[in-house]
Amino acid sequence: MLKKIIIATALFVAGSAMSATEPARNVLGEGSQTTTLTVRWGDDVAIDNLASTVKFNGTATVGDIINTALAEDPRFYALKDGGDSFVAFGFDTNGDNSEAISVGGALELIAGVAVTADDYSAAKGSSDYDHWKVNSDATCWKIFVNNAEATCETTVATGDDVVLEYTAADATAPAEPVISMRKLDSKAI
């Protein structure tokens, strides 16, 4: 009898381990191919990163993946300089849909992106509670695909991992993600 219980327990545990993984929670875009986009601000505001699965068809660049995420996730927003370069990214951490960018006045957001020809170093995100980081001489937004430095023009393939990270200007690889665990309230257990 004990032998049957052990075998039944082993089969139950093995069956549980082989169950399908939970589907991605933040899926953006359309298509049969997917890539993962992780955005890391490196600040102490709420959870440090945004992770999304972005769908696409055919050939896509990192810029296409970022623009899809900006257009489809109302919490994610960005600023471009007078050219076509991203210089700041923000994220609405409390879900109040307050995405806004100001540089000497409010800028219009189109598909999650504002553009300015002005000095963007003093640009502000919508809220002190949001993630908001602007390029500077020492730190800036960098792109990595499968841990290698990349640009918005880099082509991505299905299964690639794209990391957009606010990091040291001389960084050549993404930082190891910081995982923090909140202390559980003993009353909640």
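In helix α2 (residues 62-72), the buried residues are Val62, Gly63, Ile65, Ile66, Ala69 and Leu70. They span an arc of only 165° around the axis, which places them on the same side of α2; the arc is taken from the directions from the helix axis to the C-beta atoms. An α-helix has 3.6 residues a turn, so residues three or four places apart point the same way. Buried here means under 20% relative accessible area, exposed means over 50%, and partly exposed lies in between (1.4 Å probe, protein chains only). Helices (H or I, at least four residues) and strands (E, at least two) are DSSP runs, numbered from the N terminus.

The model is a predicted one, in which local features need pLDDT of at least 70 and side-chain atom pairs count only at pLDDT 80 or more, whereas totals for chains, interfaces and linings use all residues. Residues are numbered from 1 along each chain as its sequence is written, and side-chain values use heavy atoms, with hydrogens and water left out.

**Strand β14 and its partners**

- Of the 8 residues of β14, 6 are buried, so this strand is largely enclosed by the rest of the structure.
- Strand β2 (residues 33-40) pairs with β14 in the parallel sense over 5 bridges; two strands pair if DSSP finds at least two bridges between them.
- Thr36 has Asp161 as its bridge partner in β14.
- Strand β11 (residues 139-145) pairs with β14 in the antiparallel sense over 7 bridges.
- Trp141 has Tyr166 as its bridge partner in β14.

**Asp160**

- Asp160 lies in the loop between β13 (155-156) and β14 (161-168).
- Asp160 is buried but has no salt bridge, and the nearest side chain of opposite charge, Arg40, is 15 Å away.
- A salt bridge requires a side-chain nitrogen of Lys or Arg within 4 Å of a carboxyl oxygen of Asp or Glu; Lys and Arg count as positive and Asp and Glu as negative, while His and the chain ends are not counted.
- Leaving aside residues up to four places away in sequence, Asp160 touches Thr34, Thr35, Thr36, Val145, Asn146 and Thr155, where contact means heavy atoms within 4.5 Å.

**The loop between β11 and β12**

- Most residues other than glycine have a negative phi.
- Asn146, in the loop between β11 and β12 (148-150), has a positive phi near 50°.
- Asn146 is partly exposed, with a relative accessible area of 40%.
- Asn147 is found in the loop between β11 and β12 and has a positive phi of about 75°.
- Asn147 is exposed, with a relative accessible area of 56%.
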